[in-house]
Amino acid sequence: MPHLVSVNIDEQPPNLYKSHAFHVSLYLSLYSDHFTLSVTPNTIEVSGSIDDEIGRSLLFYISRGYLKPGLLNVLKNKNCTWYNGCLICEITDYRRTIPRSIRIHLKVSPGDIQQYP
């Protein structure tokens with residue numbers, strides 16, 4: 001069985017959602033001074049500075065495998081493909097000389113779930 005985490009900090013973990021059977025629902029692009037979050041590669045739903053409160057908060061939640069609270073309202077009518085209540089997000093880091101992409105599974109924030117009885 002393959003390792004599910006990286007052995008070396010400079011090595012990316014295995015991409016568990018690489019298969020063509022999974023459809024990417026969100027695209028997060030990280031640049032040196034800003035980010036964009038979109039449902040298709042050519043649209044922008046949310047964008048902002050990486051260094052402000054919104055950017056840091058978004059990255060905080062995504063790094064822990066959650067959608068930032070409030071994003072469910074933005075995404076619920078966007079025709080996203082959901083997998084057991086979660087979305088697959090492709091993150092591309094353009095801050096490096098050679099851009100790197102990974103895909104992660106994002107759960108809905110518990111605060112967003114509580115809004116719906």
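Predicted model: local features only at pLDDT ≥ 70, side-chain atom pairs only at ≥ 80, totals over all residues.

Biologist: Why is N79 called exposed?

Modeller: The term exposed requires a relative accessible area over 50%. N79 has 77%, so N79 is exposed.

Biologist: What makes the phi of N79 worth a remark?

Modeller: Most residues other than glycine have a negative phi. N79 is not a glycine, yet its phi is positive, at about 65°.

Biologist: What can be said of N84, and where is N84 found?

Modeller: N84 is found in the loop between α2 and β4. Its phi is near 50°, again a positive value in a residue other than glycine. The relative accessibility of N84 is 83%, and exposed means over 50%, so N84 counts as exposed.

Biologist: Let us turn to charged side chains. Why is the contact of R103 with E90 called a salt bridge?

Modeller: Side chains of opposite charge can pair when their charged atoms come close. The rule asks for a side-chain nitrogen of Lys or Arg within 4 Å of a carboxyl oxygen of Asp or Glu. Between R103 and E90 the N to O distance is 2.9 Å, and therefore the pair is a salt bridge.

Biologist: How do you know that this pair links distant parts of the chain?

Modeller: R103 is in strand β5 (residues 100-107) and E90 is in strand β4 (residues 86-93), 13 residues apart.

Biologist: Are R103 and E90 buried or partly exposed?

Modeller: E90 has 17% relative accessibility, and buried means under 20%, so E90 counts as buried. R103 has 22%, which falls between 20% and 50%, so R103 counts as partly exposed.

Biologist: What makes D93, R95 and R96 a network?

Modeller: These residues are linked by salt bridges. The side chains of D93 and R95 meet at 2.9 Å, N to O. For R96 and D93, the closest N and O atoms are 3.8 Å apart; the limit is 4 Å, so this pair also counts as a salt bridge.

Biologist: How many salt bridges does the rule give?

Modeller: The count comes to three salt bridges.

Notes. Residues numbered from 1 in each chain as written. Heavy atoms only, no water. Helix = DSSP H or I, 4+ residues; strand = E, 2+ residues; numbered from the N terminus. Buried < 20%, exposed > 50% of the residue type's maximum accessible area, 1.4 Å probe, protein only.
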